[in-house]
Amino acid sequence: MKQKPKLAVYWAASCGGCEIAVVNLHEKLLDVDAAMDFMFCPCLMDTKKKDIESLPDRAIAITLFNGALRTEENIEMAHLMRKKSQLLVAFGSCAKGGCIPALANFTKNNELLHSIYIDNHSVDNPAGIIPSGTTAFPEGDMQLTPLLERVKHLAQEVEVDYYIPGCPPEPHQIWNVIETFLAGELPSKGSTIGCGTLTVCDDCDRTKEEKRITAFRRNYEFYPEPEVCLLEQGLLCMGIATRNGCGAPCTKANMPCTGCYGAPEGVGDQGAKMVAALGSVMDIGDTAGLSEEVISERVNAFLTTIPDYSGLFYKYTLASSILGGRVGR
Amino acid sequence: MKDTVRFEPKIIGFLCHWCSYAGADKAGGIQGSYPHNVKIIRLMCSGRVDPLFVLSAFEKGADGVIILACHHGDCHYKEGNCRALQRHSMLSLMLAQLGIEKERCRLDYVSAGEGEKFKRLISEMVESVSILGALQLNL
């Protein structure tokens, strides 16, 4: 019997949502199992690292690698999976652009650890212990893997063959990719697959008219109209600067797109594109006869509604953005 | 004698064709001198300045970026300069979060006749960025 191609799903710094998306293939998982040998996924099965190490190089046909690279252990696993896989796929927004873990790149590691273990209302830590280094136990020394100075996405460490965006990727798109792979019809290496090339607006069936926004509004402030473009209602919907292919489930549920599929094809920096787009739809009213200072103040007053533009616009792509995070940290 | 090497910042200037570029031309016309650190890129309108251009300039080694627009009411395309202001204001908030000082990305207004103002703005920009020093990215 011909051996089935091996499929692995590995997680680095991730939340497990990408594995949930794989499980959300539902009965299609049986088709995956029929066509492939799903042999490694720490979240779902008991294969160990040593089992992977004992495989010949390139023994795994395709590895869906999710999660950002936060620790030295993540780096080690990225190299191991690269070595053992014919195709390494950055699976999900963490592996593709850093996603939520990479928001740590707005700060320094010591500040980050301080916020988590010391200056945190829900933590009782009178001794001020910050976990790190080696701790002795009766069974032997336990060593915590050191944090990297900066969260990386997968391609910043190893060669990546394909990218599948999404937080998490939509199950129907995962299935599309697996079918395309089995048919031997994957596009040229380096492509972003399991998605479209346009923007989420293309998938969103809300009514879109001319955009003039007189104020930015936030989700908790009101119930948006169900049929009208959310951006036109003042919500900072990222659909205009986000790759399509998800089918716009968020806007269908009356929630603005937060940008998880990353920038559309050919766009370098999602955050910069959001600024470019919003800058041309803000309506600060008639400015005839006003001084430059007054106009500038009016623009700044308009912008105060949103407390964290960088965090909002780079929520999924900070590691792969042009600046990659806070400079000179 | 010991040589001390003065830091010469690299500044990219995005100038609108109709007002500010003409203003820079005017500065030349009146034989004015201003620091040589600025490399001017002419655009049809300051509204064409995509924040991506600013970030790309920083990525490629610029220490500062100055965007010069028409005065309000003078834009050849009616409101391109207003869009430039809106984008610049939002980008400034983001740059602050990303650790880039506001002096490194300025927006101001220069009309076709304001050669003197152009000279002054460039001199101010070069001076303030010289004080800050080179921009260090963690790329």
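1. Strand β1 (residues 11-16) of chain B is mostly covered, with six of its six residues buried. Here a residue is buried if 20 or more other C-beta atoms lie within 10 Å of its own, exposed if 12 or fewer, and partly exposed in between, with C-beta atoms placed from the backbone. Ile11(B), Gly13(B) and Leu15(B) point one way from β1(B), while Ile12(B), Phe14(B) and Cys16(B) point the other way, and all are buried. Helices (H or I, at least four residues) and strands (E, at least two) are DSSP runs, numbered from the N terminus.

2. A note on the source: this is a predicted model, in which local features need pLDDT of at least 70, side-chain atom pairs count only at pLDDT 80 or more, and totals for chains, interfaces and linings use all residues. Residues are numbered from 1 along each chain as its sequence is written, and chains are lettered from A and ligands numbered from 1 in the order in which they are written.

3. β1(B) belongs to an open sheet of four strands in chain B, in the order β2-β1-β3-β4, with parallel pairing. Two strands pair if DSSP finds at least two bridges between them. The edge strands, each pairing on one side only, are β2 (38-43) and β4 (105-109) of chain B. From one strand to the next the twist averages 20°.

4. On one side, β1(B) is joined to β2(B) by six bridges, and the two run parallel; Gly13(B) stands opposite Ile40(B) in β2(B). Five bridges join β1(B) to β3(B), again in parallel, and there Gly13(B) stands opposite Ile66(B). β1(B), helix α1 (residues 20-29) of chain B and β2(B) make a right-handed β-α-β unit. A crossover is right-handed if, with the strands pointing away from the viewer, the path from the first strand over the helix to the second runs clockwise.

5. Strand β3 (residues 64-69) of chain B pairs with β4(B) in the parallel sense over five bridges. Val65(B) stands opposite Cys105(B) in β4(B), and the bridge partner of Ala69(B) is Tyr109(B). Four of the five residues of β4(B) are buried, so this strand is largely enclosed by the rest of the structure.

6. Axes are lines fitted to C-alpha atoms, for helices over the stretch in contact, and angles run from 0 to 180 degrees between N-to-C directions. Two residues are in contact if their C-beta atoms, placed from the backbone, lie within 7 Å.

7. α3(B) also meets chain A. Its axis and that of helix α10 (residues 270-279) of chain A come within 8 Å and cross at roughly 145°. The residues of α10(A) that meet α3(B) include Val275(A) and Leu278(A), and those on the α3(B) side include Met90(B) and Leu91(B). By class, this contact has six nonpolar, three polar and two charged residues. Ala, Val, Leu, Ile, Met, Phe, Trp, Tyr, Cys and Pro count as nonpolar, Asp, Glu, Lys and Arg as charged, and the others, Gly among them, as polar.

8. The contact between the chains takes 27 residues from chain B and 31 residues from chain A. On the chain B side, the elements giving two or more residues are α2 (51-59) and α3; α3(B) gives the most, with eleven residues.
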